[in-house]
Structures are given as structure tokens and as C-alpha cells.
Amino acid sequence: MSLTPSKRAYVPFVSVEHMMGLVHHIGIEQVLTDLASEIEADFRRWPLFDKTPRVASHSDVGVIELMPTSDGETYGFKYVNGHPKNTAEGLQTVTAFGLLAEVESGYPTLLSEMTLLTALRTASTSAMAAKHLAPKGARTMAMIGNGAQSEFQCLAFKAICGINTVRLYDIDASATKRCARNLAAQGLTVVECRSGQEAMEGAQIITTCTADKQYATILTDNMVGSGVHINAIGGDCPGKTELHRDILLRSSIFVEYPPQTRVEGEIQQLEHDHAVTELWKVIEGQVSGRTDDRQITLFDSVGFAIEDFSALRYIAKAVKGTPFFTQLDMIADPDDPRDLFGMLQRAKP
Ligand SMILES: NC(=O)c1ccc[n+]([C@@H]2O[C@H](COP(=O)([O-])OP(=O)(O)OC[C@H]3O[C@@H](n4cnc5c(N)ncnc54)[C@H](O)[C@@H]3O)[C@@H](O)[C@H]2O)c1
């Protein structure tokens with residue numbers, strides 16, 4: 001019997017280096033647009049997915065979460081953390097990796113880095129939601145919170161919604177400077193602002209993407225005029241929100257998966273039965289999104305497992321026939337399936 005791992009032992013693995021190579025090979029705006037299409041297509045078949053609120057393990061300083069789902073043929077999960085204090089220690093707030101497996105055999109079919117992929121998929125989901133909810137002809141976005149996710153958000157709104165101007169604000173001016181520098185050659189007009197209020201000027205879309213492990217008020221009621229679309233990304237844990245409650249009461253609220261969002265999203269500030277609309281129903285045409293020019297639409301995004309599933313499936317297809325993956329000897333797969341021990345013994349030096 002051979003000591004060489006069987007074909008089924010190998011799982012394609014997309015490292016951070018490969019992900020960066022792949023994104024540049026395809027082009028970042030193309031990746032963001034492709035991901036939005038994949039996610040939108042999966043939102044259209046929402047009812048057939050296995051859905052559960054993500055499994056969260058909280059500590060005083062952050063959260064570690066597992067996000068599983070399945071469409072009956074393919075199973076996927078993401079491991080992701082959120083540690084707002086990390087950046088002060090030279091670490092990232094959010095890191096992630098994920099896996100796909102065959103439902104038929106349970107064998108994994110892809111393992112991938114997902115720190116970059118999460119930033120890409122979150123931006124694509126936001127822009128895809130805005131395509132359905134934001135005022136038509138929106139060209140200016142306020143971007144509050146200029147951390148790791150922010151450039152991805154700006155580029156997705158450019159590629160998918162036609163945004164041409166972003167107005168940046170962060171409590172840390174150096175974050176705004178970095179974001180502006182990174183966006184300088186990306187075909188956007190970039191305006192650095194000194195307050196959230198200033199960032200709001202002329203914006204038809206407002207994205208909040210801050211990190212703080214507590215109730216924060218990034219937007220107060222007086223900052224939000226009628227007719228805007230709010231893309232609220234950063235409030236995604238119990239006790240971690242960004243918008244003043246009064247804004248929620250004036251808004252039409254759209255969510256991913258209510259059982260998760262009611263615990264983690266902005267709407268944790270409202271009664272548990274406050275009316276919200278599931279985004280997939282708007283995409284499917286079952287209910288309307290924006291119905292008038294003065295309406296405030298709010299996408300209360302927390303990030304749902306199906307978005308990661310779509311992103312992983314996209315990567316699985318995209319890396320085929322490219323050098324942007326390696327084969328990982330990950331599954332012990334003995335020739336005789338019951339002789340796991342024998343396989344171990346034969347490897348004895
Ligand atoms: N909804 C989703 O699907 C999703 C996905 C990924 C990340 N997130 C969340 O998005 C948030 C941002 O993630 P990141 O990776 O960019 O984090 P990050 O730590 O890199 O950046 C956060 C930025 O927010 C700024 N900030 C904090 N308080 C602020 C305030 N009061 N006003 C203005 N700016 C403020 C910080 O200075 C920092 O630059 C996190 O809370 C994360 O959990 C959500």
C-alpha cells in the first residue's frame with residue numbers, strides 16, 4: 001500500500017498570497033462586481049439554505065464566531081473574529097478563514113483565507129443591497145470609519161452603484177489619511193472631512209463602518225436627512241451599535257436574517273417585533289424596497305453565512321486552472337477506509 005496521500009486527501013488551499021494574486025489577476029472592481037452577482041444569485045434562492053444565527057463566543061475584548069450554512073449540495077462555514085482593541089496592538093480587528101465541503105461525502109473541497117475575502121464580500125453585499133435600496137442616481141457616499149474595510153466599501157459602491165465621490169471621516173485622522181491615499185488613484189473624488197457632520201454634506205448614501213465594543217452613536221438623528229440610504233456595517237454584536245435609536249424609528253429597515261440581526265444588529269435597540277424587511281424578498285421582487293424619494297432606507301448589515309458561502313464558491317470556481325492555490329494534504333484517507341490505524345502504523349519511521 002502506498003504512503004502517498006490519495007487524491008481525496010488533498011484539499012485546494014487559497015493562501016493570503018494566492019488571494020492577493022487572484023484579485024489582481026481578475027481586477028478588484030471585477031471581483032467586487034462578480035461577488036455581488038454571486039451573492040445576489042444566492043439571495044434569490046434563500047429559502048433552500050440551512051440557516052442559523054452564527055455561533056458566537058464573547059469575551060470582554062471581542063468575539064469569535066462560526067458561520068455555517070448549506071444549500072443541500074455544498075456545506076460552508078467561516079471562522080471570524082472581531083476585536084476592536086486589536087489595531088492599537090498592531091493586529092487587525094477582523095481575521096477569517098473558511099471552508100467548503102461536499103454534503104454527499106462530507107469531504108472538504110476548499111480551504112481559504114477569508115480576511116481579504118470578508119472585506120470583499122462585505123463591500124459587495126453592501127453595494128448589492130444599495131443597488132436595490134438607495135436613491136437612483138446617488139453619486140456621493142459618506143464613509144464613516146476609515147479602517148480595514150473602508151477602501152473595499154468605497155470601490156464596491158463605485159463599481160456597482162456608480163458612486164463617484166466619497167467623503168471620509170474617522171475619529172483617527174491618520175486612518176482617513178491612509179484611506180484617502182489608498183483611494184487616490186482609483187478614479188474616485190475623495191474628500192477628507194473633520195467631522196461626521198461634514199462627511200454627510202451632499203451624501204445620498206451613508207456608510208458607517210466603525211469598530212467599538214460598546215453602544216456608540218456614530219450618527220445622531222439630526223445628521224440624517226430624508227431620502228438617504230444608510231449602509232450600517234459596524235454594529236454587528238450584542239451591545240455594539242452605531243446609530244441613534246431615533247434614526248431607526250424614521251427608517252425602513254432591511255436585514256439579512258432576522259433571528260441573527262435582532263441580536264446583533266442596530267435593531268437590538270428596538271422592540272423584538274419591530275417591522276423589518278428581509279433583503280432577499282426585495283431582491284426576489286416579493287416586496288418593494290424604496291417606495292418614495294423622502295424615505296430613509298437602512299441596511300442593518302451584520303454579515304450572514306450565505307454571503308461567505310457565495311464568496312467561497314466564487315473563489316473555488318475562480319482558482320480552477322490558475323496557479324492561485326496549492327493542494328493541502330488535509331484529509332486522512334486510507335486505502336481501506338477502516339484501516340486508519342494501519343495507515344498511521346505504516347508511516348512509522
Ligand atoms: N456587517 C458585516 O458584514 C461586517 C463585516 C466585516 C466587519 N464588520 C464590522 O465593521 C467594523 C469595521 O471593521 P474594520 O475591519 O474596518 O475595523 P478597523 O478597526 O480596521 O476600523 C474601524 C475604524 O473605525 C474608527 N472609529 C471608531 N470609532 C469611531 C467613531 N466614533 N467615529 C468615527 N470613526 C470611528 C477607528 O478609528 C477605525 O479606523 C467592525 O465593527 C467590524 O466588526 C462588519
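Which hand does the crossing of α3 and α10 have? The crossing of α3 and α10 is right-handed, where a crossing counts as right-handed if the near helix is turned clockwise from the far one by less than a right angle and as left-handed if anticlockwise. The structure is a predicted model, in which local features need pLDDT of at least 70 and side-chain atom pairs count only at pLDDT 80 or more, whereas totals for chains, interfaces and linings use all residues. Residues are numbered from 1 along each chain as its sequence is written.

Helices (H or I, at least four residues) and strands (E, at least two) are DSSP runs numbered from the N terminus. The axes of α3 and helix α10 (residues 305-319) come within 10 Å and cross at roughly 115°; axes are lines fitted to C-alpha atoms, for helices over the stretch in contact, and angles run from 0 to 180 degrees between N-to-C directions. On the α3 side the contact involves L117, L120, R121 and T125, which meet E307, D308, A311 and I315 in α10; two residues are in contact if their C-beta atoms, placed from the backbone, lie within 7 Å. By class, this contact of α3 with α10 comprises four nonpolar, one polar and three charged residues. Here Ala, Val, Leu, Ile, Met, Phe, Trp, Tyr, Cys and Pro count as nonpolar, Asp, Glu, Lys and Arg as charged, and the others, Gly among them, as polar.

Helix α3 (residues 115-133) also packs against helix α2 (residues 28-44), at an angle of about 65° and with the axes 8 Å apart. The two helices α2 and α3 are therefore roughly perpendicular to each other, a term that covers angles of 65 to 115 degrees. The crossing of α2 with α3 is right-handed. In α2, the residues V31, L32, L35, A36, I39 and E40 meet L120, R121, A123, S124, T125, A127 and M128 of α3. Nine nonpolar, two polar and two charged residues make up the contact of α2 with α3.

Helix α3 also contains A130. A130 is buried, with 25 other C-beta atoms within 10 Å; the cut-offs are 20 or more such atoms for buried and 12 or fewer for exposed, with partly exposed in between. With neighbours within four places in sequence left aside, A130 is in contact with F157, C161, I205, H229 and N231. A130 and I160 lie 30 residues apart in sequence and 8.9 Å apart in space, C-alpha to C-alpha.

Two open sheets are described next. Seven strands form one in the order β2-β3-β4-β5-β6-β1-β15, with mixed pairing; two strands pair if DSSP finds at least two bridges between them. Strands β2 and β15 (326-329) stand at the edges with a single partner strand each, so one side of each is left without a neighbour in the sheet. The twist averages 20° from one strand to the next. Strand β2 (residues 55-58) pairs with strand β3 (residues 63-70) in the antiparallel sense over four bridges, and a hairpin of four residues joins β2 to β3. S57 has I64 in β3 as its bridge partner. Eight bridges link β3 and strand β4 (residues 74-82), again antiparallel, and M67 stands opposite K78 in β4.

Eight strands form an open sheet in the order β9-β8-β7-β10-β11-β14-β12-β13, with parallel pairing. Its edges are β9 (189-192) and β13 (277-278), each with a single partner strand, so one side of each is left without a neighbour in the sheet. Strand β12 (residues 251-255) runs parallel to β13 and is joined to β13 by two bridges, with T277 as the bridge partner of F254.

Note on methods. Parallel < 35°, antiparallel > 145°, perpendicular 65-115°, else oblique.
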